[in-house]
Amino acid sequence: MAGVMRKKRYILIPIIETKRLRLVPPSKECFDMYESFYADAEASKAYGGPKSKGEAWARLKSDLGSWHLTGFGIWIIQEKKSKEFVGTCGFWQGFGWPRELTWWLLPDSRGKGFAHEASLAVISHAYNAFGWNEVETYMHDNNARAYALVEKLGGIKTRRIMFPDGLERNVFTIPKPA
C-alpha cells in the first residue's frame, strides 16, 4: 500500500457534566494522576498495579487510543469545585474481553460518591448517545467496593464466565438510569 493516502478519521470525545463533576477526554494534563494511581500498589492492584511511570504513560495512551479504535473509552473525572483530576470512568474492552463499565479513583477521592455520579452519567451516555442495548461490568470476586457500586447502580448478575486471564468472574448488566 505504499503511496496510498488514507483519510484520517478523528473522533470528538464528548465532555459530560454532572452536578459536581466534569468528565473530560484523556490528555497529557492528567498524567500526574495516572502516575500517582498506578504507583500506589494498594490503589491499583485491581488494575494490574503497581506500574512504572512508563507503564502508566502507556496506559494513558491506551485509554485515549481506545476512543479512536473503538469509538468509546474512558473519561477523566475532574471535580468542578477544585478542578482536580480525581479518577477515570467509562468503557474498556481488552482484546478478547467483553466491553465493560470501568472506573478508578485516587484514594483521597474515594467515599465521596464520585464513582457513582460519574458511572450514572456514562451509563446514560452509552444508552442515549452511543445507542447501546446494554451496559455490562465485571470485577474480581474479592472487590467488595466494586460490587457495592454495581449493586447501587442496579446491576443484575447475568452470567459467570471464564476470562482471557484464566479467571472466572460474574458479569452484571446495568440498566438505563431513570
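The questions and answers below go through this predicted model.

Biologist: What pattern does the chain follow along the sequence?

Modeller: The secondary structure comes to five helices and eight strands. Read along the sequence, these elements give the pattern β-β-α-α-α-β-β-β-α-β-α-β-β.

Biologist: What is the radius of gyration of the chain, against the globule rule?

Modeller: The C-alpha trace spans about 55 × 35 × 35 Å along its principal axes. Buried residues make up 42% of the 178 residues. For 178 residues the globule rule gives 16 Å, and the chain comes close to that, so it is as compact as a globular protein of that length; its radius of gyration is 16 Å.

Biologist: Which element supplies the largest share of the largest nonpolar core?

Modeller: The largest nonpolar core has 31 residues, and F91 and L101 have the most contacts inside it. Elements that each supply at least two of its residues include strand 4 (85-92), strand 5 (100-105) and helix 5 (144-152). The largest share of this core is eight residues, and it comes from helix 4.

Biologist: How many residues has the other core, the one with F37 and W104?

Modeller: That core lies apart from the core of 31 residues. L60 and I74 are also among its members. Its residue count is 14.

Biologist: Which element gives the most to the lining of the largest pocket?

Modeller: About 1,100 Å³ of space lies in this pocket. Its lining has 41 residues, with A46, Y47, W103, N143 and A146 nearest the centre. Among the elements giving two or more residues are helix 1 (31-39), helix 3 (53-70) and strand 6 (135-138). The most, six residues, comes from strand 5.

Biologist: Is T102 buried or exposed?

Modeller: T102 sits in strand 5. Leaving aside neighbours within four places in sequence, T102 is in contact with Y47, I74, T88, C89, G90, F91 and W92. Its relative accessible area is 11%, and the cut-off for burial is under 20%, so T102 is buried.

Biologist: What is the phi of K83?

Modeller: Most residues other than glycine have a negative phi. K83 lies in the loop between strand 3 and strand 4, and is exposed, with a relative accessible area of 60%. K83 is not a glycine, yet its phi is positive, at about 65°.

Biologist: Is the peptide bond from G49 to P50 cis or trans?

Modeller: P50 is in the loop between helix 2 and helix 3. Most peptide bonds are trans. The bond from G49 to P50 has omega near 5°, and is cis.

Technical notes. Residues numbered from 1 in each chain as written. Predicted model: local features only at pLDDT ≥ 70, side-chain atom pairs only at ≥ 80, totals over all residues. Heavy atoms only, no water. Core = buried A, V, L, I, M, F, W, Y, C linked by side-chain atoms within 4.5 Å. Buried < 20%, exposed > 50% of the residue type's maximum accessible area, 1.4 Å probe, protein only. Helix = DSSP H or I, 4+ residues; strand = E, 2+ residues; numbered from the N terminus. 1 Å grid on protein atoms, 1.4 Å probe; cavity = no way out; pocket = protein on both sides within 12 Å on 5 of 7 lines; lining within 4 Å. Points joined across faces, edges and corners; volume = space filled by probe spheres on them. Rg over C-alpha atoms; globule rule 2.2 N^0.38 Å. Contact = heavy atoms within 4.5 Å.
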